[in-house]
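User: Please take a close look at the aromatic pairs in this model and at the core around them. I would like the cut-offs stated as you go.

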Amino acid sequence: MNIEEFFELSAGKWFSHRTSHHLAFKQSEDGKSDIVIEMLAADHPEVIELCEQHEIAPNTASCGARVIWNGTMEWDEEKHQGSTVLVTVPNIDNPDEGKLLRAMGYAEKAPVSGSYKIGDDGALTLITEYETMWSEERLWFASPNLRMRICVLKRFGGFSMASFTSEIRMGSTDASKKATEAANSQKS
């Protein structure tokens, strides 16, 4: 699987359940979200704008996605809503690795650039360094309609958090139908 296929398979509406462990406080917290992921072509105006914002040539982008979330966390009444645009810029020598541009980071509400790598197992690893923290996230598909995610977040002062998220697709897309057909044909 390459980065474009990973994004394509991720497109759709997902129900997300996350358990976060705040290691310094020795407590955990559950959260639930609805997430919508929409593929954006490499020449989409938002992809071009984000590349230019990061001073990267837009023609080097391979694909993009718009991610919209709406969720709640166990310990607060506040709604967690937002959206961001993601853009992948593969390395010339190895397209399974590259930069991941975000219009808004998850940990800090500002544009950020990180790196991505697609492993031999099809899992996507994202590493992002913010001004005051560092995160590593690994995403993979247990099946075309079940996506898993683990994340470690470390603040430079030593505070860290680990989370596990399972995401279930709500409905199917052309990409998920193709992936299901391919998985079923391999079982035969």
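Analyst: What follows starts with the aromatic rings and then turns to the nonpolar cores and the strands.

This is a predicted model, in which local features need pLDDT of at least 70 and side-chain atom pairs count only at pLDDT 80 or more, while totals for chains, interfaces and linings use all residues. Residues are numbered from 1 along each chain as its sequence is written, and side-chain values use heavy atoms, with hydrogens and water left out.

Rings of Phe, Tyr and Trp (for Trp, the six-membered ring) pair if their centres lie within 6.5 Å; planes under 30 degrees apart count as stacked, over 60 as edge-to-face and the rest as tilted. In one of them, the ring centres of Trp 14 and Phe 141 are 6.3 Å apart and the planes stand at 50 degrees, so the pair is tilted. Trp 14 belongs to strand 1 (residues 12–22) and Phe 141 to strand 8 (residues 133–143), so this pair ties together parts that are 127 residues apart in sequence. Strands here (E, at least two residues) and helices (H or I, at least four) are DSSP runs, numbered from the N terminus.

Buried means under 20% relative accessible area, exposed over 50% and partly exposed in between, with a 1.4 Å probe and protein chains only. Trp 14, at 0%, is buried, and Phe 141 is buried at 17%. Ring pairs join Phe 6 with Trp 14 and Phe 141 in a cluster. Arg 147 lies over the face of Trp 14, 5.6 Å from the ring centre; the rule asks for NZ of Lys or CZ of Arg within 6 Å of the centre and within 35 degrees of the ring normal.

A nonpolar core is a set of buried Ala, Val, Leu, Ile, Met, Phe, Trp, Tyr and Cys residues joined through side-chain atoms within 4.5 Å. The largest has 19 residues, of which Phe 7 and Leu 124 touch the most other members. Elements that each supply at least two of its residues include helix 1 (3–10), strand 3 (63–73) and strand 8. Leaving aside neighbours within four places in sequence, Leu 124 has contacts (heavy atoms within 4.5 Å) with residues including Ile 3, Phe 6 and Tyr 116.

Strand 3 is mostly covered, with eight of its 11 residues buried. Strands pair if DSSP finds at least two bridges between them. Strand 3 runs antiparallel to strand 2, with 10 bridges, and antiparallel to strand 4 (residues 79–90), also with 10 bridges.
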